[in-house]
Amino acid sequence: MSIQQNLNTLRHPVSNQPEKSPFNAGETLQEQTSKLNVLLLGSGGRECALAWKMAQSPRMEKLFIAPGNGGTGEYGTNVAISPLDFPAIENFVADNAIDMVVVGNEDPLVAGIYDYFEGREGAPLIVGPSKAGAALEGSKDFAKQFMVRHSIPTARYRSFTADNLEEGYAFLEQLKAPYVLKADGLAAGKGVLIIDSLQEAKDSLKEMLGGMFGQSSATVVIEEFLSGIECSVFVLTDGNGGYRILPVAKDYKRIGEGDTGPNTGGMGAVSPVVFADKEFMRKVEERIILPTVNGLVKEGITYRGFIFLGLINVDGEPMVIEYNVRMGDPETEVVMLRIASDLLPLLEAAAQGNLSTLPLAEDPRYATTVMVVSGGYPGSYPKGKVITGTDNVKDATLFHAGTKLGENGELLTSGGRVIACSAYGENIDEALSNSYAAANAVEFDGKYFRRDIGADLKKLMK
């Protein structure tokens, strides 16, 4: 069997049957045209974009967002429940006849929300992996071991604890600068250090193992530094070997133009990505996606949801920097624009364990997003600033991230990353022009945004 035939067979498995679901048991996907009540967990720009996309589905009955933000109420009903309060979520699910829970951020997944509902009578469908699957993001050491077991290309590494600190020093001495140190557990996006000095790397290793990031850095992964250009590949998988590749995106993490300054949660994103051409994506699918999806099945790990592949292009060869177990932010704010298919049935099919019969179509246009942030971010920043100008935005969609509604209904800042200004274009310049027009129209005291989103990709196009 050729590689392409093998890819097609695994992408459209004919022998795997969906596991029994408490909803629509025995029906085919084509027969499942009933309306759905959906609960989306999260409060950021990613969740706003997911809500925007799901709300367009003719199959959506009621959409609730917990807790949501100042913009998500446009697409559904915000409810004041923490995504980590599983008993409260369970009660809400029962009281509101929720058919499906879509988990936006990683914390509930790592904490085991899938496992909490598994086997309970009347449980909703859950879009997201089990706790064991969420360890791909929750433990960098586990993720690296998984990649090694399944021959998935990634940087050379070793993991260390306080008990073998001296071995960690010796491993650093074997590497060339810069040195990459990663806290094993979740650290709110701050657990990765890239250091040029060997002595500083040794000092930082000791500090991390001593509690710099609490229990998250009780184990530290030291990696060989990879040089190249990064991109984000997203896969929706059903736990039975079926999957769909979503539009590829590239995000921009540094606060300053020219990729300078501290890392942030993301200052903008672009899709498609010029270097992620057919040949590059063939390698990604063959060497990374298939081994990942099939590896999860082989290891008996239940995984029904999004896989985020943080990749780096090293001289045309894709390698994995990290796994995330949910969609990225701000990449979601461009990926949702480029999904031409109805997203809701795809999520339902993934959660049911049968994604093999549904296609996923892409919009051929460019999509870009520019994140407008609070002054001072990613350091300390003020909150409660009045936001104006949103009514003046044309040719763009505003995905709210750090916003809330005040007592009198006014829109206020409530976070560092405030609003993602997302737009289409027939080319990258047109899309960016529309995104930047929106970013200029939105006003609040101290606002800031990068003005060079996509500049590196535009250079590659010349």
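Modeller: Val 192 has a relative accessibility of 34%, so it counts as partly exposed. Here buried means under 20% relative accessible area, exposed over 50%, and partly exposed in between (1.4 Å probe, protein chains only). This is a predicted model, in which local features need pLDDT of at least 70, side-chain atom pairs count only at pLDDT 80 or more, and totals for chains, interfaces and linings use all residues. Residues are numbered from 1 along each chain as its sequence is written, and side-chain values use heavy atoms, with hydrogens and water left out.

Colleague: In which strand is the place of Val 192?

Modeller: Strands are DSSP runs (E, at least two residues), numbered from the N terminus. Val 192 belongs to the run of residues 192-195, which is strand β8.

Colleague: Is strand β10 largely enclosed or largely open?

Modeller: Strand β10 covers residues 229-237. Seven of its nine residues are buried, so the rest of the structure leaves β10 largely enclosed.

Colleague: In the hairpin of β10 and β11, which residue takes a positive phi?

Modeller: Strand β11 (residues 243-245) runs antiparallel to β10, joined by three bridges. Thr 237 has Tyr 243 in β11 as its bridge partner. Five residues lie between the strands of this hairpin, and the one with a positive phi near 80 degrees is Gly 239.

Key. Helix = DSSP H or I, 4+ residues; strand = E, 2+ residues; numbered from the N terminus. Pairing = 2+ DSSP bridges.
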